[in-house]
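Here is a short report on one protein model. It starts at a strand pairing and moves on to charges and surface.

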Amino acid sequence: MKDYYIYYNNNFVRQSNATLPVLSASTQFGLNVFEGIRIYKEDAYYVFRLEDHLKRLNNSLNQIGFKTKIISSKNFVEILKELMILNDIKTDFSIRFTYLVKEVESWSSNSNPVFFIAPLIRERNSSDYFKTIVLTKIRRISSLAMDMKVKCGANYINGRYALLEAKSKGADLPILKNKDGFISESTGACIFLVKNGVVVTPSLDSDILESITRDTVIKILIENDYKIEERHVLEEDLNESDEIFLCGTSAEITPIKLLGIKDFKIGDLTKFISKEYKYATTAKKYKNYSWTTKFKI
Ligand code: PMP
């Protein structure tokens, strides 16, 4: 992997020089909060839903008890531009924006976190890309125990257990039920299904991350007069669905095949939403939502 420049602790440094004590609170206990954000290239560069990512990161910082003020979107774009120049980035890419604790401390650390912004080269998913899913025995962590609206590194180990189970069953990805037995989400993406002509997605009280892409998809569907239900979703709904897709910043719109289903075809609604999502990410449509931050270098 290329040794990219990243922005760490107020400096531009090579990733290999951005160090952390092995006994820091973040390395020992997964004490960090983060966002993944995509930048798409067209006639200019477009950061997708930057303000919403910063808002969620700020909320994660507050919820986990970090007393620091997040950088502004203007500041963020300036750092981004410098990173693109230093790393000679001229394509679509994404970044990981993480606050962590450098101090050698326990999970109860009160230290001020530092942050890094690191580029990851990721192009759009190709149109024939799909994943196979399976329901796992592992349940989603309850928001009564760990707030699932907080993007904290430690929360992701729940997804790791589920992924191990899914892989052992021959699927690419898991779908987890929540403590009440309702369908929750996958490891890094939310789920939508189409059943009897209605688009269905687990409601926000299903122990899911409040996904920005989920919100984008819902708004696109409403704009296009689709019927959408945000509700508790049952295993039967999944098995009886005509189409399933996952969505997320990284997953974008990922068509889904249930493990064991043979003659799989990517459905019409999934194709439609993939197309519209692509337009939304570069402000070709849905301009009234102001979802993109455009810049040139
Ligand atoms: N759920 C989880 C657990 C995630 O990590 C992600 C990725 N951030 C998502 C859903 C999708 O969220 P978003 O659309 O905001 O990227």
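Lys195 has Val198 as its bridge partner in S11. Strands here are DSSP runs of E with at least two residues, helices are runs of H or I with at least four, and both are numbered from the N terminus. The model is predicted: local features need pLDDT of at least 70, side-chain atom pairs count only at pLDDT 80 or more, and totals for chains, interfaces and linings use all residues. Residues are numbered from 1 along each chain as its sequence is written, and side-chain values use heavy atoms, with hydrogens and water left out.

S10 (residues 190-195) and S11 (residues 198-202) run antiparallel. Three bridges join them; strands count as paired if DSSP finds at least two bridges between them. Two residues sit between the strands of this hairpin, and Asn196 takes a positive phi near 50°. S10 also pairs with strand S13 (residues 243-248), in the antiparallel sense, over five bridges. There, Leu193 has Ile244 as its bridge partner.

## Cover on S10

How many of the six residues of S10 are buried? Six of six are. Buried means under 20% relative accessible area, exposed means over 50%, and partly exposed lies in between (1.4 Å probe, protein chains only). Cys190, Phe192 and Val194 point one way from the strand. Ile191, Leu193 and Lys195 point the other way.

## Salt bridges

A search of the whole structure finds 21 salt bridges. Each is a side-chain nitrogen of Lys or Arg within 4 Å of a carboxyl oxygen of Asp or Glu. Side chains of opposite charge can pair when their charged atoms come close.

One of these bridges joins Lys195 and Glu240 (3.1 Å, N to O). Lys195 lies in strand S10 and Glu240 in the loop between H6 and S13, so the pair ties together parts 45 residues apart in sequence. Lys195 counts as buried, at 16% relative accessibility. Glu240 counts as partly exposed, at 45%. Both belong to a network of salt bridges that also links Glu229, Arg231 and Asp237.

Glu235 and Lys177 meet in another salt bridge (2.7 Å, N to O). This pair links distant parts of the chain: Glu235 is in helix H6 (residues 235-239), Lys177 is in strand S8 (residues 173-177), and they are 58 residues apart. Glu235 is partly exposed, with a relative accessible area of 30%. Lys177 is buried, at 16%.

A further bridge stays within one helix. Asp215 and Lys219 meet at 2.9 Å, N to O. Both lie in helix H5 (residues 212-223), four residues apart, about one turn of the helix. Asp215 is partly exposed at 24% relative accessible area, and Lys219 is partly exposed at 27%.

## Phe272 in helix H7

Phe272 sits in helix H7 (residues 268-281). Is Phe272 buried or exposed? Phe272 is buried because its relative accessible area is 19%. Not counting residues up to four places away in sequence, Phe272 touches Asn224 and Tyr226; contact means heavy atoms within 4.5 Å. Leu221 is 51 residues from Phe272 in sequence, and their C-alpha atoms are 9.7 Å apart in space.

## A nonpolar surface patch

Val22 lies in the loop between strand S2 (11-14) and helix H1 (25-29). Val22 is exposed because its relative accessible area is 71%. With Leu23 and Val104, Val22 makes a nonpolar surface patch of about 310 Å². Patch residues have over 30% relative accessible area and no salt bridge; nonpolar side chains (Val, Leu, Ile, Met, Phe, Trp, Tyr) are joined within 5 Å, like charges within 9 Å. Accessible areas come from the Shrake-Rupley method with a 1.4 Å probe, and for residues only the protein chains shown count as cover.
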